[in-house]
Amino acid sequence: MSCKIIAVGKRRDGGTRYWCMEHHANATAKYGVAADKCVAADDPPIKAEETLHLNFVDYPGGIALWGSVPAIYDTTTQPIDRGIHVHARSTKGGLKNIDKTYRRLQVPYRVDLLSDGWVNVDEIDAINYMISSVFGFETIPVHCVYCGFPHLDRDWFAVHSHRKHQCHGCGRQFSDPMGLGIGNPIAALRHMLGATPTKKRKAPDSIAIKQCDYPGGIQLWGSNPAILWTSSDPEMTGIHLHAFKMHDQEFPEVDETYAKVTIDGIKIDADQVRTYMAQSAMPHLEGRVLDLSCPHCAEPHIDKGEHAFTPHIDHECYSCGQSFRALSQIKKTIGNPFVGTRKKLGLSATGPVREDKLGLRPETI
């Protein structure tokens, strides 16, 4: 689709801001002039086969939805995974009728007594919902006060409550009359479907494997809170593992969530994996998450709380209490030992460790 670029106000430096109404993206070029095309003009469109029409009444056995991103450790040749991962069962405890990732979901709902409608959930909504939920942030429905477009807070804004937003529909900036919050259309979907907090428990099992036993490669993800979970069973937390005997194998030999995973004698920390997965999905953190160790006591350092998503200069060791700085060209960094664990795993991998990127753009206002 061709861009439809209009002026939508002034920038902080006094220049004009331009917005594409067709792709809902920034179209301001250098020096505050209109760009030839917006930043999203070349994004691949969502195809019909990448969209799932999901009617909940067809799966009384339970439905679960997650925001899905590429595996944070991957030595396979499997297709990249990103979007909304769907589990759906027609009978409770039965086999999964759907176990696949889609870029868009369409969920039917009753508009009024005479007509029905659809709610669309896109991959970018699900990915940012994952980021917010991993770091403990609740999301709320936010709509532009000018055009009513449902608002999504991305990247930095997905982990910082704020009142002023920039609408992706019309490009204008607005203040949410409800006050501080993080907007995500999925919050409205959860409310519409009557979603409630689910019980969670650590996966009961542990596994120890060798990469040489799975020449088709392995994949690791951290568990993250489901967008929706309709089963009465508790939601498992831990590390999700795929292991393939062959490269052309469609379904993995191992496909399970474990409380403890050991690979080639290296113990994988579930919290580090989960945090790194969310950090890797935030474009403004690219290159800032490092493997740090305290120079005073040599303990691996992981940043927690706000420091886990806010790059900073001074790091405080949780073991000895001493402060230190990263020995890197980048001054503001975040520590996560999984960066080092990932490198160690790569030394005994049966194939190259993939560096898949989501290709998301940093969000500004």
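Helices (H or I, at least four residues) and strands (E, at least two) are DSSP runs, numbered from the N terminus. The views below show a predicted model, in which local features need pLDDT of at least 70 and side-chain atom pairs count only at pLDDT 80 or more, while totals for chains, interfaces and linings use all residues. Residues are numbered from 1 along each chain as its sequence is written, and side-chain values use heavy atoms, with hydrogens and water left out.

**View 1. Helix α1 covers residues 123–134.** Because 12 of the 12 residues of α1 are buried, the helix is largely enclosed by the rest of the structure; buried means under 20% relative accessible area, exposed over 50%, and partly exposed in between (1.4 Å probe, protein chains only). Among the buried residues are I124, Y129 and V134. After α1 comes G136, which has a positive phi near 85 degrees.

**View 2. Three strands form an open sheet in the order β1-β2-β3, with antiparallel pairing.** The edge strands, β1 (5–10) and β3 (25–26), each pair on one side only. Two strands pair if DSSP finds at least two bridges between them, and strand β2 (residues 16–20) pairs with β3 in the antiparallel sense over 2 bridges. Opposite N26 in β3 stands W19.

**View 3. Helix α3 (residues 270–280) crosses helix α4 (residues 338–347) at roughly 100 degrees, and their axes come within 10 Å.** Axes are lines fitted to C-alpha atoms, for helices over the stretch in contact, and angles run from 0 to 180 degrees between N-to-C directions. Angles under 35 degrees count as roughly parallel, over 145 as roughly antiparallel, 65 to 115 as roughly perpendicular and the rest as oblique, and α3 and α4 are therefore roughly perpendicular to each other. Q272, V273 and Y276 of α3 make the contact with F338, V339, T341 and R342 of α4, where contact means heavy atoms within 4.5 Å.

**View 4. Residue Q272 lies in helix α3.** With 14% relative accessibility, Q272 counts as buried. Leaving aside its neighbours within four places in sequence, Q272 is in contact with I302, N336, P337, F338 and T341. In α4, the buried residues include F338 and T341, and what covers the buried residues of α4 includes α3 and β15 (217–222).

Note on methods:
Expected span 1.5 Å × (residues − 1).
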